[in-house]
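Here's a quick briefing on how the chains in this structure meet. Take a look at the model, then read on.

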Amino acid sequence: MMDSGLLLVATLAFPLAMVVACLHPAFYARILTWLPLAAVPGLLAALFERGDSIVIAPAPLRLTLALDEVGAMLLGGASLLWGAAGFYASISMCGRPGAGRFAIWWLLTMTGSLGVFIVADMTSFYLVFSLASLAAYGLVSFEGTARAQRAGFVYMALALLGEALILLGFVMLVTAAPGGNPLIRDAVAMLPGSPLESPAVLLLIFGFGLKMGLVPLHVWMPLAHPVAPVPASAVLSGVIVKAGVIGLIRFLPLEVPSPDWGMALVGLGLLTAFYGVLVGLTQPHAKTILAYSTVSQMGVVAAIIGGGMTAGAPHTAALAAFYALHHLLVKGALFLGVGIAGATGRRHRVSFVLIPMALLSLSLAGLPFTSGALAKLATKPLFGDGVSALLASLSAAGSTMLMLHFLGRLQLLANDDHEGIPQRPLMLVWAVVAGASFIVPWALFANVSGYALADAIKPDALWAASWPILLGATLTLITTRFISRMPTVPEGDIIVVLDKLAPLVMRIGSGIDRTDEVLRRWPVASIGLLSLAIAFGAVLQFGR
Amino acid sequence: MILVDIFTMAAVGAGMFFFLAGTVGLLRFPDTLSRLHALTKADNLGFGFIVLGLLPQSPDVLSGLKLVVVWLLVQLAAATAGQLIAQFVGLERRRDPAA
Amino acid sequence: MTLLPDLALVLLILTAAVWTVAVRDRRDAVIGFIVVGLLLSLAWVRLNAVDVALTEAAIGGGATGLLLLRACARLVPRPAESVLPHPAMRILTVLLCSAIAAGLAAIVLMPVEPPATLAPEAAASMGELGLGNPITVVLLAYRALDTLLEKVVLVLALIGVWTLTPDQFWGGAPASLRAQQSSGALTLLAQVLPPVGVVIGVYLIWNGADHPGGTFQGGTVLAAMWLLVMMADLREPPEIRLHSLRLLVILGPVVFLVAGFAGFWIANGFLSYPPAFAKPIIVIVEAALALSIAVILGMLVAGPAARAPR
Amino acid sequence: MMPAGYATSEGGALLVIAVMLPIVGMIAIFALGLRRAERIAFIILPGGLLIALAIAAEVARTGAAVTYVLGGWQPPLGIALQADGLSATLMVLTALILCAVGLFARGTFSTPPDMSEARRPMVFWTLMLGLWSALNTVFLGQDLFNLFVALEFLTFSAVPLVCLDGRRETVQAALRYLLFALIGSVFYLLGAALLYGAYGTLDMAGLRLQAHYNPATSVALGLMIVGLMAKAALFPLHLWLPPAHAGAPAAASAVLSALVVKAPFFLILRLWFDVAPQPGNQLAAQMLAWLGIFSIVFCSIIALRQVRLKLMIAYSTVAQIGYLFLVFPLVMASDAPSAWQSIGWTGGVLQLVSHALAKASMFLAAGLIAEALGHDRIDNLNGAVTAVPISVAAFGLAGLSLMGLPPSGGFVAKLMLLTAATETANWWIVAAILVGGILAASYVFRVLGRAMAAPKIGFKTLAHIPLHRELAVLGLAISAVVLGFVPLQPFAFLGIGRVGLP
Amino acid sequence: MIGTATVYGLCASGLVAIGLYGLVLHPTPLRKVIAFNLLGSGTFVLFGVAARRGGAAGFLADPVPQAMVITGIVVAFASTALAVALLLRLQETGASSIETTPPEQQDNGAS
């Protein structure tokens, strides 16, 4: 193919070019309308560039883009959602103050979040990864309310922590591998057996887990996702979290069986899955519930990866990516749907909102014939048939309860105008995403999982998919009254504990100020100088 | 030869005596003016004697000349300094006759 | 036995130094410092460094002393004068300072054998230049770069002092150096001494090529004469915008630079002199430098401009 | 004691010109300054840049140090100037930054038409040129006393810049700066005296051949290195830096923070690797690194708590200086064939360079913001982005480098240091680098968040900023970012002309 | 055997200590400057000791350190002049010591 990889370059270059173009006021004024286009190259690349790779800068710099199957799946889904959400934003954000600022943050975040799926060398990965997480700050704190600012602060703090952990993890990888900036593949290949393996893997799991929202590093998610404008929430919860997933997929040595790490990951994942459900059940706001559902679902993904790691199964990456893709589209559609619901009056509620939303929600729980069912079916083998498989199915039951709770809460959102219906284009774009979330997984199912499509509709498969849902439904019926009486856990649950520490931190800070005050007095500083000189001289003389 | 050396010793010795006296005066005398008196007198004389004593020792005319110039300069400086101090004291006196 | 005078001198110096630091009134401190300076110049003679002795007397004691005295006169006394930090801190400081002194003393007490020196090298190369005073040779030939840079430092110091001029006075003249009341004696001195002083200064510079003495010593004497004249109120300090003044300030460095760059053509490279002309070149450079130093020292003592330009 | 032989290499004359050209300019301004200060400066600036580039090219071409023996007097009796890879790099850096600052200052320090000569322009430009010559001398000097004169030269050009505007706290800051720097100089000179007494030479190469561990050497190096620390404002000797750098005019602050504090560090580097007896003293190296660690953490936190933008940047300088001192143990512990081929060495130098560029641009940007808003209180920077968008953008880019986020020189530098620290298992240093990065990110984002926020009601910009000034700032920031594309490997160039370690 | 040079070497160490003490503890700038000059003199004498010990080849003292001292004295004088000018200016602005007020209390220093 002659233009091999050019689309990959365009995927990153095009949105960045739009940002640069914003320096021109005329374009800056109209940037919002162009927003949807930014994702197009990504989509095309996902369709036509599979298996291509291009080296932007030769060694030792070696900035490399490559699109493998896993990357292509996620890139396609992500670009689709970015495009759709961008279209949604171009309408819903129109005329709002600061729309231009929003667009710029949007484009930067998008560049990063699409980039993580296609870069093949370590430095570039770190670059796009941090671009995604840091630029997302602009989306989180966009509304400028106190709530948004707190969310932005927490998000930033944890994002930076994640950056640090990942950077150190990378450094440990690189020290194992030769050369300045190795390809991710080579670096990971060198990892097993290197003296720094355990700390490296640990750091990477924490770093990427933080981005995925694994307990206890999930606290930012329920704060950050709901406060953003609807389209932003959609991409935050749909795409950005997948940066963590792709991170784990790319940087953990999945092919090599490593039971202890694998089981640890499975445990962490399932814990997160149930934890997300339990806290989510107590939440009043629809968007917050969705955020917690994302936490829970990412737990499942982590568990899948862990399961694959335990056995060193060959297709782990692809399967995990498949599940992630399903969640990406569904969650995106759900968040957009919340926006739709808010704009829909009582009259059209059922037809326009409830039915599609119900289908989408239960798809997360693995309702037969939905993408969820396919995803769960495809990934089942990775859990074997031990206790973890059972827990995985039970987590589906949990999801059912959570999503039913969500649907219940969705009722409360309503346009005060009884007749109100959302603008047609919004409906359209929503329909596209929702539709894609059904169709795309069907299209990919066969060649990702070894199964034939027919296997997905065999009775036992259907039963395996249905019983958790029935269980969840019954549980909901039983516990619904009890749940409604449960006290609401504050958003970001354990962050509240950290809030308690704030005054302490402040006190330490002012303490340091006072220390500096003293240190900068002339006699103190010059006495310090004398003592240093003596100490240093002494060390030089006797310190050998 | 010997004579010259004896002369030098005598003169320098005298000079040193005057210096000693002057210094004692500086330390013992009650008020500024009398101290000043002691000092200037003493070291003019003392210094003069020393220079005088050294003159015959000088190898050539030029260095002898230098010695004289040095003596003159010191005279000038001492005189001026004395003048200034005296004036200053006078100023003080006029400010408060008590002192 | 032979050490007795040295020990006495050292004792005097240290006592004067302690007094300088310990005494309360700052004017006494300055006087103490001047005394230390003069005693030190004796010490330098004892260290067989007559050139340094002259410099110390002229600049270390003389010019610096004048500068500090003038500062004393212009500073208003403040309560802060007598405030010393907490005794514990003082004790700590004493300990630290003595520790450092002990370190230095220890090293002084174990001299290396044979003594480390560059004297032989210096002597070996001196013949080429036909100058008698090794110090001058080091200053203007071997280490000419240091000397050149240090002249530039002087110019910078002057600029630094001028920086502190209030904007409206820029270009004007520094505050007058006149004593409170004019004194006949001072005026007389200021009329009689300068001619002699100038002769002596020039003599020092000229003599410096072969015997102790040289640029700084001469320059300082010239500066002293000028300051004397200014203090006797026979002349006001010049306005700092004056072109002639500026030219005098940079005369030395410029001549030095020219001589240095000329080396590229007339000798083998920057700051190297053709043996035949080494002595005249160096003497010319020294003369120019001395003139500049005289002016710079004078202006440094006079301080930043304090009057609007006329 | 046989002196290490120096031989004037071809192109050596460039070194002399690099040192003398600014002096010539300075003298010219002083002599005929009346209204011509800026014009002369703008003749000298590009010239100096060309010279620096020529020297770097010569070093790269010959693959050896460029040397000039002054007056043909062989050290230790005479003085030699020498440019190795490191010096050449720093000279080019200096030239670049000074040119950018000159562009920035253009017009702001020009003489008003109604006066024959004004104080600020005359003083500013002369001191800038003096500073340049001093820096070049520091980078080129091979003789410890010559370097002492150069250091004083530097101090004398730097101090008056601090109190250019004559406000009380700036005069106070200048006096503090001067006095503390003087202690540093005296310590350095004491050390030099001891070394001379012990070895009869102050020529670095000569000392390298003879130096061995004995009390004289230890005390001398102790005094010199600590004295230089005081001049480099390493924690806890930073008392003078924040007020001085925050009080000076933006153009001056930029140079002070970017270049002037680097000179003493450069000398410490040379004393440590070129003079101190080898193999170096591990414990002492660790001690230096620990001071660096304290600088990073402590001063970053204080920077985070500052109310005024310029003070924040000043404290960040102290913190960033800390990174430089991490180099010593990292280089010594590396298993590279020679120190100059270790990744720690390259990382350290890269940190120096990228911080210089980033910090210069940050101070200039802060200056423009302050000019536009009339204040520099971080908490009401709202709307800065609408007033001076390019400056805020530059601030952000420079911030990237400080935070160590890609793509930026700071990132590569910190990555290299991190790698070196991981390889040598210096986990405390690893922790310090990571924590420092997080803290830096926090204080940069704190400012950016404010500056990007929507302007308050009744917000108006006081001054209109001419474009060329903003572009100068942006240029520096971009070059700091572009540095991020150097390969993550030891640089051969930085090793040129340096002696290998046993 | 203690020689002349050694005696003055001890004198130098003493001067250094005394100067440092004053420089560290004296609250007023002028006294600091004076102390600095003492400190400087001590340092120079140390060079002088090296020079005296290095007397050889027909020189009573090694000329190189002497030249350095002369340069050093001039530089020290320049520093003193600058410092004095600064502290006089400081007094004009109404401050007496160099202890700065904490930055928070300073007004906004828009450059």
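Let's start with salt bridges: there are 0 between chain C and chain E, counting a side-chain nitrogen of Lys or Arg within 4 Å of a carboxyl oxygen of Asp or Glu. Keep in mind that this is a predicted model, where local features need pLDDT of at least 70, side-chain atom pairs count only at pLDDT 80 or more, and totals for chains, interfaces and linings use all residues. Residues are numbered from 1 along each chain as its sequence is written, chains are lettered from A in the order in which they are written, and side-chain values use heavy atoms, with hydrogens and water left out.

**Where C meets E**
- On the chain C side, 84 residues are in contact (heavy atoms within 4.5 Å) with 69 residues of chain E.
- About 6900 Å² is buried between chain C and chain E, with carbon and sulfur atoms giving 80% of that; buried area is the accessible area (1.4 Å probe) that two parts lose on being put together, summed over both.
- V21(C), L47(C) and L164(C) supply 10% of the area chain C buries against chain E, more than any other three residues.

**Who does the touching on chain C**

- Of the 7 pairs of chains that touch, C and E have the most contacts.
- Chain B and chain D don't touch, and their nearest C-alpha atoms are 34 Å apart.
- Chain B and chain E have no contact either, with their closest C-alpha atoms 21 Å apart.
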